[in-house]
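These are my notebook entries on a structure that I looked through step by step. I wrote down what I looked up and what I found each time.

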Amino acid sequence: MNNMECLNCGAPVLENGHCSRCHMSYDLLSKAFNTSNYYYNLGLDRACVRDLTGAIDALNLSLKYNKQNINARNLLGLIYYEMGEIVLGLMQWVISSNYLPDNNVASRYIEEVQSDPIKLEEANQLAKQFNQALIHAKQGTKDLAFIQLKRILSNYPHFVKGYLLLALLYMDNGNNDKAKKALKRVLRIDKNNTLAVKYLSEMGVTSRDIIEMKERSKRIDPDKAYNDEDQYKSDLQTFVEQGIASIDDLDDPDVEVGAFHELNNNKFNLIYVGVGLIVGVLVFWLLVLPTKINLANQKNREVKLEYSEQISSKNVEISELNKQIESLNSQIDKFNEKADEEQKKEDEKQESFKVIKDNIPNSTYDSLVSEAAKQIEASQYKKAITLCDVALEIHEGEEAYYYLGMAYLGDHDEKNAKSAFVTLKENYPESSHIEDITEYISE
Amino acid sequence: MINFDEEVKKFSPCLEVSQAEDAIYHNDVKDITDVLEEMYSQINSKKGE
């Protein structure tokens, strides 16, 4: 027992086989640690043949014998990670790296997961979505549970717990074929999943068929599984070439695990697009359209207001113009009244003049004519013209026309002179002055 | 025959990231060493009495 260290605390072991510090029995601890390693090896063997449930059982036993068995804990974390229980896997690796901070592969695993925050968030979302699906399943809203699980499994095709719940839902729904398909995928990931074997047996699948399913087990390629875009294009092309029935054909239980739910997802994509369009139209109808209508109404109101203002200003102008018209009309009336008065006065004057004219004696005419002749002789033609005009106002006479014509001639107004002579000739053809004026008329 | 309601009760929720820290701190799974330590401490306490 000399030079031996305690497996628990590292202190020297005494002759009696007990630790000098913690008093643990070296033999007992040694056996416990050996047993732990045995179960670790068992777990490793099972993990290598994809008996993940068996491996988990063995590794948990290994940790019960020695919780500081780093290899067992790291492998347990790895298996949880493989089965889609990422947080459980992380938990094992964190505990492992706590026991052995240096030269521990768990630290690298943790770094790899933590270096991609999106992946970590996706893992968190996976857990949340599964929990939500489980709540739906327990509450009886199975349709929602179906939708949630299909979405989860399209992103995480090796999430064993999701497949098992989905299979249970299918079985409850009476859709045993799809349940078998889901369980088949479970067995491809985890060969000896007890729950999957139990469900298959309940559905009447023989042990031989179950063994066949297990033999086909292979690891899922995560890169292929996550490549939704390629899968979508492939499905779309198939759909275009062969019609919608081809999509259902793709839902074959023998296809690889990674393609399982992507097909359903793509079918839903068409529905999602349709629903999205309807929602878009509704949003436009309920939110955008009322806003546009309000804007249009507001513009209309503004235009109306503007026109109303213009109309009111025009009305003011019209009323002002009407006032002007009224004032002008009143002025016109006044002018008309004045004109009438003037006309009246003029008429009165004319009448007075006529009265005077009628009362003027004939001698006046003769006097005016003789005076006009004198003025012509004196070469005072203007005065002669005035005298003749006055004489003609009293009454017409051949002498007055004759002297008027002569006065115009003297004044070098041949036109008026000719007019006076023509009047004389027409009215008094027998006049003694006809001979004298003939030469002027003929010109 | 499988009873859906009974079976679904057996499913436990997944651990979320926010719950991981608590789960790690409360991870009090005992191994053989813990059991032996507990036994020794009980024996020693009895001896002391």
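Is A:Asn103 buried or exposed? I looked this up in what is a predicted model, and I found that A:Asn103 counts as exposed because it has 7 C-beta neighbours inside 10 Å, where 12 or fewer is the cut-off for exposed. I placed A:Asn103 in the loop between helix 4 and helix 5 (105-114) of chain A, and I noted that its phi is positive, about 50°, although it is not a glycine. I kept in mind that most residues other than glycine have a negative phi.

Entry on chain A as a whole. I counted 20 helices and zero strands in chain A, and I noted that 33% of its 443 residues count as buried. Looking at the contacts in chain A with a separation of 6 or more, I found that 44% of them join residues 24 or more positions apart.

Entry on helix 8. I found that helix 8 of chain A has 14 residues and reaches 20 Å from its first C-alpha to its last, which is close to the 20 Å expected at 1.5 Å a residue. Because 12 of its 14 residues are buried, helix 8 of chain A is largely enclosed by the rest of the structure; among these buried residues I listed A:Lys161, A:Gly162 and A:Ala167. I then looked for what covers them, and this includes helix 6, helix 7 (142-155), helix 9 (176-189) and helix 10 of chain A, together with helix 1 (4-9) of chain B.

Entry on the nonpolar cores. I found that the largest nonpolar core has 73 residues, and that A:Leu59, A:Ile79 and A:Ala167 have the most contacts inside it. Helix 8 of chain A gives the largest share of this core, 10 residues. Since domain 1 (26-115) and domain 2 (121-266) of chain A both give residues to this core, I wrote down that it lies between them. Leaving out residues up to four places away in sequence, I saw that A:Ala167 touches A:Ala179, A:Ala182, A:Leu183 and A:Tyr199.

Entry on helix 18. The 13 residues of helix 18 (residues 398-410) of chain A should span 18 Å at 1.5 Å a residue, and I found that its end C-alpha atoms are 18 Å apart, which agrees. Helix 18 of chain A is mostly covered, with 10 of its 13 residues buried, including A:Ala400 and A:Tyr403. Its buried residues are covered by elements that include helix 16 (362-377), helix 17 (381-394), helix 19 (414-427) and helix 20 (434-442) of chain A. In the loop between helix 18 and helix 19 of chain A I found A:His412, whose phi is positive, about 65°, although it is not a glycine. I noted that A:His412 is exposed, with 8 other C-beta atoms within 10 Å.

Entry on the contact between the chains. I counted 36 residues from chain A and 22 residues from chain B in the contact. The largest share of the side of chain A that touches chain B, 10 residues, comes from helix 6 of chain A. I sorted the residues of this side of chain A into 23 nonpolar, five polar and eight charged.

Conventions. Residues numbered from 1 in each chain as written. Chains lettered and ligands numbered in written order. Predicted model: local features only at pLDDT ≥ 70, side-chain atom pairs only at ≥ 80, totals over all residues. Helix = DSSP H or I, 4+ residues; strand = E, 2+ residues; numbered from the N terminus. Expected span 1.5 Å × (residues − 1). Buried ≥ 20, exposed ≤ 12 C-beta atoms within 10 Å, placed from the backbone. Contact = placed C-beta atoms within 7 Å. Nonpolar A, V, L, I, M, F, W, Y, C, P; charged D, E, K, R; others polar. Core = buried A, V, L, I, M, F, W, Y, C linked by C-beta atoms within 7 Å. Domains from an automatic or database assignment.
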